[in-house]
Amino acid sequence: MFWKKKSPEEEELDRLISRTKSESLQESLTAVSTIVEKGSASPETIRRFFIPRLPSLLNDGDNRIRTRTAFVVSGLIFKSPDLRRDLVVFMFNLLKHNDPEMRVYAGMVLGRLSAVAPELVKPLVVPVAELLRDRDQVRAGNASFAVAEIGSKSPSLLHDAIPIINELLTKKPEVILNVLKLISLKDPTIVKDSVPKLIEIMEKAKSLDYSWEASIPLVRLSHASRELVEGLMVPQIEPLLNHQNKFARAGAVYVMGGVGTSHPSLAKDVLQKLSAKASDWETVVRTFAAFTLARICYGSPELAETVVPQLTRLLNDSSDTVRGAASIGLRYIAAGSPERVKQITPKLTEMLKDRDQIVRGWRLWGCA
Amino acid sequence: MGLRLISKVVPDLAGMVVDRISDGIAEGNLRVRRGAAFAFQMISSYPEPGIDRDLLPEIAKLLEDKDSEVKLRAVLSLLNLVSSFPDQVRAQVPRMLELLDDKDVPIRINTSIALGYIVEDSKDMKGLALPRLMALLEDKNPAVRAAAALSLGKLI
């Protein structure tokens, strides 16, 4: 074996890499920054002496070496555009690393990169989405954050991955709903093709959690254009209001509430559809109805007139949860139509002494 | 929240409610606080800026609750609200950073993840959160370390 004397650049890199694992946070981050700065000042040095070492550094037995090396790669990707193409493949490979820290870190970095260099991330989107198929739920869950981050930063890039997401939605709802919830925060319309599958999850929900989680992307989609909401969402959601599954009905009330709140021109029609749900035989449905009806009426004394009698009646409901939700509903009426407050004040005052702790608790921020 | 709005209209009622809130806190009533936290999380999933602006101070109070479920729902509510009220939510970052030392693992995990989303567009808040998240890479729980790494991926 030949011994080759290291160049001064290599020796300096060695020292810096060693310092990245310092227990001193300051020293560690300074070393990371110094290597990153070399990427701008002397990209060839990084190419010749650092990139070839990445496979071993990113798999080093020392957790600090691994994570700090990943920080360096990320820094180089964002600060040295010339090196991006060389480094992006390392970030993608980290998504399959045995260490979950490396997997999730890489997912976030790729997401950020999709905003500044979408052309580099585009070819990776489908392979990243394929990782959602992993039988290991933790690995699939880690990948879900990567897909969501790419979708949040650059929604159009997800186009090719949507069929995979929709295919897996009902098979692995606990993983895929996380993706849809996160991407719908930034661009709700990206979930429009997922509506039928989300409804299927709501129909089959055996607990409120699943129905509610599935309804969150839908309620965000309700902020989309009136054409999309009226043409695509409402015709599919409305039948759920009378579904035999109480959790599906509750979720549908929640989503329709979003439609009525986001589109004042549809509010009257939505109120008519939801009114009967205030008398539903299931507590969970009446609960959702109580506060969604009121939110729709916010700022409209005319609509509030139609809802206040229902909410006042629900203040006497046999369920403590419904009574609490009715008090929440009246809070919205009160804030949007203060004149109505004077009329319901005696009842609200009475609720301050409600026998049930839940009602008093919800009321603390509801009718207060 | 609604308290301030209604207090302009019905000051006597507002006064009574303040008394009752104090009573509720003094009672240390867990069901009371959990009910409120659940409702916050539900409504924050699709906040309307015109309606829900005054949710924030009430949610912030729950960050200091002694019950893990209440604190967790408060953290997730803040995450939901950051798109609509970024400045108000970021004002809660110092309180959230304290939760990174919470003894409860789900609190540390979810607070770490939420912080990444909340501070990513704020240079000042990034500077505040970064050292704390770095320190969490040494947490004894691997899921907490992964959550910290996830947020650091948004910041470094």
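Chain B has 156 residues, and 47% of them are buried. Buried means 20 or more other C-beta atoms within 10 Å of a residue's own, exposed means 12 or fewer, and partly exposed is in between, with C-beta atoms placed from the backbone. This is a predicted model: local features need pLDDT of at least 70, side-chain atom pairs need 80 or more, and totals for chains, interfaces and linings use all residues. Residues count from 1 along each chain as its sequence is written, chains are lettered from A and ligands numbered from 1 in the order written.

What is chain B built from? Eleven helices and zero strands. Those are DSSP runs, numbered from the N terminus: helices are H or I with at least four residues, strands are E with at least two.

Now take B:Val89, in helix H7 (residues 86-90) of chain B. Why does B:Val89 count as buried? Because B:Val89 has 26 C-beta neighbours inside 10 Å. Leaving out residues up to four places away in sequence, B:Val89 touches B:Leu56, B:Leu78, B:Leu81, B:Val82 and B:Ile118. Contact here means C-beta atoms, placed from the backbone, within 7 Å.

Over to chain A, helix H18, residues 301-314. There is a kink of about 35° at A:Val307, shortly before the proline A:Pro309. That bend is the angle between axes fitted to the seven residues ending there and the seven starting there. Buried residues in H18(A) include A:Leu303, A:Val307 and A:Leu314.

Key: Expected span 1.5 Å × (residues − 1). Contact = placed C-beta atoms within 7 Å.
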